Amino acid sequence: MIALYIHLPWCVRKCPYCDFNSYALKGVLPEDDYLKALLADLDMSLPQIPGRTISSVFMGGGTPSLFSAGEIGNLLTGIRARLPLADDIEITLEANPGALDSGAEKLAAFRAAGVNRLSLGIQSFNDERLAALGRIHGRAAALEAAGEAVRHFGRVNLDLMYGLPGETLAEAVEDVETALEFSPTHLSCYALTLEAHTRFAANPPPLPDADCCADMNDAIAARLAAAGFAHYETSAFARPGYSCQHNLNYWRFGDYLGLGAGAHSKISRFSETGEWQVVRETRPRHPGAYLRAVAAGNPARSTRVIPAKELPLEFLMNALRLEEGFTSTLYERRTGLSFAALLPRLQNAVRAGLLDAQMDCVAPTPLGRNFLNRLLRDFLD
């Protein structure tokens with residue numbers, strides 16, 4: 001199995017906190033040219049993934065809901081014509097309340113086009129907090145979009161943020177309470193961080209202090225646990241059976257092919273000499289550069305074989321985000337390395353109270369999850 005990530009990089013407006021590879025749309029959205037390039041990119045990538053079945057498709061951005069449902073349907077049809085899809089495939093589209101011009105009609109069209117999971121970028125239901133984040137939607141649009149999302153899709157994720165400019169603990173919890181009224185199957189709850197090269201980094205807004213943000217995190221986790229959600233990954237909560245399969249593949253260090261501007265790929269393979277390799281690829285970041293690279297027949301900007309000494313940390317940076325942790329079998333299958341060689345460092349983390357090692361499973365403790373960077377330092381060479 002291999003997952004497929006597709007990057008659709010345009011937004012109506014660039015948010016001041018966003019460091020994703022996204023661009024404010026100027027003029028007409030080049031839907032046809034871009035989607036043709038995505039399929040051409042896929043055609044050129046097929047020799048790298050012979051015999052693979054697609055386990056999930058995730059269309060992220062940017063704001064993918066700017067694209068028409070017809071073009072999204074054509075893209076999915078093109079993928080099906082080139083690769084086998086798993087019978088239970090998860091196909092996710094990211095959408096923003098401010099980029100659903102016809103609301104219910106557009107969501108119904110996305111569903112008919114083959115999308116079966118919607119991830120909706122709510123961020124907050126509070127007008128004041130949304131304005132501070134520079135979002136193009138308000139509370140009313142967020143409420144309407146959430147309601148229509150759960151009406152048209154059986155699997156819905158609502159993205160929320162906390163630690164927002166001027167936000168109180170009560171307001172953070174109120175956002176979660178409002179989200180729960182729609183009975184979503186999944187919630188993603190992220191703390192706002194000031195990322196380099198963003199407008200917020202250059203002109204930081206007044207944010208709640210670290211202790212307040214920690215209280216928000218704890219209160220949100222407790223409320224969602226009481227509502228029957230499993231806190232299965234650092235920022236992700238799901239009802240039983242509704243964890244995001246695409247993201248789980250990332251955290252389990254599975255393979256994925258990335259198409260589109262700035263997309264990344266991770267592909268495991270045997271070299272011509274029979275050596276096990278984990279290879280990372282990136283596409284050009286700017287949409288124009290990406291289109292030119294595809295037209296020239298070389299969509300990958302860079303290709304790198306990960307040295308064996310770096311694989312333990314790469315694996316653990318992903319697997320230790322999961323509450324379930326990982327097994328020795330998964331570690332050896334994903335890295336091609338011996339689990340026994342990792343044991344001394346794991347035992348140091350167990351003694352520090354950061355890891356729990358039971359039988360064949362290694363998982364972060366609550367302390368380890370809260371101090372993941374500290375935990376990972378033990379595995380730096």
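Both Asp-255 and Arg-52 are buried, where buried means under 20% relative accessible area, exposed over 50%, and partly exposed in between, computed with a 1.4 Å probe and protein chains only. The side chains of Asp-255 and Arg-52 meet in a salt bridge of 2.9 Å, N to O, a salt bridge being a side-chain nitrogen of Lys or Arg within 4 Å of a carboxyl oxygen of Asp or Glu. Because Asp-255 lies in the loop between helix H9 (245-251) and strand E11 (256-259), and Arg-52 in the loop between H1 and strand E4 (54-61), the pair ties together parts that are 203 residues apart in sequence. Helices (H or I, at least four residues) and strands (E, at least two) are DSSP runs, numbered from the N terminus.

This is a predicted model, in which local features need pLDDT of at least 70 and side-chain atom pairs count only at pLDDT 80 or more, while totals for chains, interfaces and linings use all residues. Residues are numbered from 1 along each chain as its sequence is written, and side-chain values use heavy atoms, with hydrogens and water left out.

**Other salt bridges**

| Pair | N to O distance |
|---|---|
| Asp-32 and Lys-36 | 3.1 Å |
| Arg-304 and Glu-310 | 2.8 Å |

Asp-32 and Lys-36 both lie in helix H1 (residues 31-45), where they are 4 residues apart, about one turn of the helix. Asp-32 counts as partly exposed at 37% relative accessibility, whereas Lys-36, at 54%, counts as exposed. In the pair of Arg-304 and Glu-310, Arg-304 is partly exposed at 39% relative accessibility, and Glu-310 is partly exposed with a relative accessible area of 28%. Asp-41, Glu-281 and Arg-283 are linked in a network of salt bridges.

Most residues other than glycine have a negative phi, and most peptide bonds are trans. Gln-123, in strand E6, has a phi near 70°, a positive value in a residue other than glycine, and this residue is buried with a relative accessible area of 9%. His-197 likewise has a positive phi, near 65°, but its place is in the loop between strand E8 (186-191) and helix H7 (199-202), and His-197 is exposed with a relative accessible area of 83%. A cis peptide bond, with omega about 20°, joins Gly-61 and Gly-62, and Gly-62 is found in the loop between E4 and helix H2 (69-82).

Ser-124 lies in the loop between strand E6 (117-123) and helix H4 (127-133) and counts as buried at 0% relative accessibility. Leaving aside neighbours within four places in sequence, Ser-124 is in contact with residues including His-137, Ala-142, Leu-160 and Asp-175, contact meaning heavy atoms within 4.5 Å.

**The protein as a whole**

The protein has 15 helices and 17 strands. Its radius of gyration is 21 Å, close to the 21 Å that the globule rule gives for 381 residues, so the protein is as compact as a globular protein of that length; the radius is taken over C-alpha atoms, and the rule is 2.2 Å times the number of residues to the power 0.38. Of the 381 residues, 53% count as buried. Among contacts between residues at least 6 apart in sequence, 72% join residues at least 24 apart.
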